[in-house]
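The entries follow the order in which I got curious.

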Amino acid sequence: DPFTPAAEIHGAMYQFGIGTEALSQADNLSNSGAVPGWNGSVSGTANWDMVTQNPCPTGWRVPTITEWAGVLDNNTISRTNDGGTSWNTSTVLTWTTGDEDNGIKFGDALVLPAAGLRTSGNGTLSNRGYYGYYWSSAAALANTGRRMYFVNSTQNTNSNYDRSYGYSVRCVEE
């Protein structure tokens, strides 16, 4: 069910500007440690190239930062937690009861799980069940990309981060 945050909709992790997953969904869910072969030095200054490096299916693309801002500005936002527990406030490396159900609901059309991130150095899992980080297609400063992120009470698009981090991607139709 795409409208209920659960481990099964956390998805793969991607590094900014690279069209192939840095870590598959299955590996993302089963491995919280360092990722062999993790690219710790993704560099560049250009926006994500949706022609040659698009991670989305044909007819879909990574949203712009303006589109992410529109999602935040034009929807009623509510926190979800089907597990009935509080969002964990520490760095989460493995599931605790209910954490896989943490997420944010935007209006009636979009639910995003708090899938956490993969660190830039070696791909170690961090903040699963507490933060959701989603790439936009926009570059920021040298070697950084723009992202939308949320925690249980805050959502923001005014945020840049190192391209070597692994974040979730949610595609929009062209």
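This is a predicted model: local features need pLDDT of at least 70, side-chain atom pairs count only at pLDDT 80 or more; totals for chains, interfaces and linings use all residues.

**Entry 1: a cut-off before anything else.** I call a residue exposed when its relative accessible area is over 50%, buried when that area is under 20%, and partly exposed in between. Asp-108 comes out at 72%, so I put it down as exposed.

**Entry 2: the overall layout.** I counted 2 helices and 11 strands in the protein. Reading from the N terminus, I get the order α-β-α-β-β-β-β-β-β-β-β-β-β. What percentage of the 174 residues is buried? I got 47%. I also looked at contacts with a separation of 6 or more, and 63% of them join residues 24 or more positions apart.

**Entry 3: the salt bridges.** How many salt bridges does the structure hold? I found 2. The general idea is that side chains of opposite charge can pair when their charged atoms come close.

Asp-108, from my first entry, is in one of these pairs: its side chain meets that of Lys-105, with 3.9 Å from N to O. Lys-105 has 29% relative accessibility, so I list Lys-105 as partly exposed.

The other pair is Arg-61 with Glu-67, where the closest N and O atoms are 2.6 Å apart. Is Arg-61 buried or exposed? Its relative accessibility is 18%, so Arg-61 goes down as buried. Glu-67 reaches 30%, and therefore counts as partly exposed.

**Entry 4: helix H2.** I went through residues 65-73, which make up helix H2, and marked Ile-65, Trp-68, Ala-69, Val-71 and Leu-72 as buried. Why do I say that these residues line one face of the helix? Looking down the axis of H2, I see the buried residues fall within an arc of 155°, so they sit along one face. Thr-66 and Asp-73, on the other side of H2, are exposed.

Next I asked what the buried residues of H2 pack against.

**Entry 5: the largest pocket.** Rolling a probe the size of a water molecule over the atoms shows where empty space is left. For the largest pocket I noted a volume of about 210 Å³. Of its 13 lining residues, Trp-68, Val-71, Leu-110, Cys-171 and Val-172 are the closest to the centre. Which element gives the largest share of the lining? That is H2, with 3 residues. H2 and E4 each supply at least two residues of the lining.

**Entry 6: Asn-54.** I found Asn-54 in the loop between helix H1 (25-30) and strand E1 (60-61). Its side chain reaches the backbone nitrogen of Cys-56 at 2.9 Å. Setting aside neighbours within four places in sequence, I listed the contacts of Asn-54 as Gly-19, Asp-49, Trp-60, Arg-61 and Val-62. Arg-61 is the residue I had already paired with Glu-67.

**Entry 7: Pro-36.** The loop between H1 and E1 also holds Pro-36. With 74% relative accessibility, Pro-36 counts as exposed. I then checked Pro-36 against Asn-122: they are 86 residues apart along the chain, and their C-alpha atoms are separated by 7.6 Å.

**Entry 8: two asparagines with positive phi.** Most residues other than glycine have a negative phi. Asn-127 is not a glycine, yet I read a positive phi of about 65° for it. I placed Asn-127 in the loop between strand E6 (125-126) and E7. Its relative accessibility is 13%, so Asn-127 is buried.

Asn-143 has a positive phi too, near 65°. Asn-143 lies in the loop between E7 and E8, and a relative accessible area of 33% makes it partly exposed.

**Entry 9: Arg-128.** I ended in the loop between E6 and E7, where Arg-128 is found. Is Arg-128 buried or exposed? At a relative accessible area of 2%, Arg-128 is buried. A polar atom of the Arg-128 side chain lies 2.4 Å from the backbone oxygen of Asn-28.

Methods:
Residues are numbered from 1 along each chain as its sequence is written. Side-chain values use heavy atoms; hydrogens and water are left out. Helices (H or I, at least four residues) and strands (E, at least two) are DSSP runs, numbered from the N terminus. A polar contact is a pair of N or O atoms within 3.5 Å; within protein, one must be able to donate a hydrogen and the other to accept it, and residues adjacent in sequence count only if both atoms are side-chain atoms. Contact means heavy atoms within 4.5 Å. Buried means under 20% relative accessible area, exposed over 50%, partly exposed in between (1.4 Å probe, protein chains only). The arc is that of the directions from the helix axis to the C-beta atoms. A salt bridge is a side-chain nitrogen of Lys or Arg within 4 Å of a carboxyl oxygen of Asp or Glu. On a 1 Å grid over the protein atoms alone, a cavity is a set of points where a 1.4 Å probe fits but cannot get out, and a pocket is an open set with protein on both sides within 12 Å along at least five of seven lines; lining residues have an atom within 4 Å of a point. Grid points are joined across faces, edges and corners, and a volume is the space filled by probe spheres set on the points.
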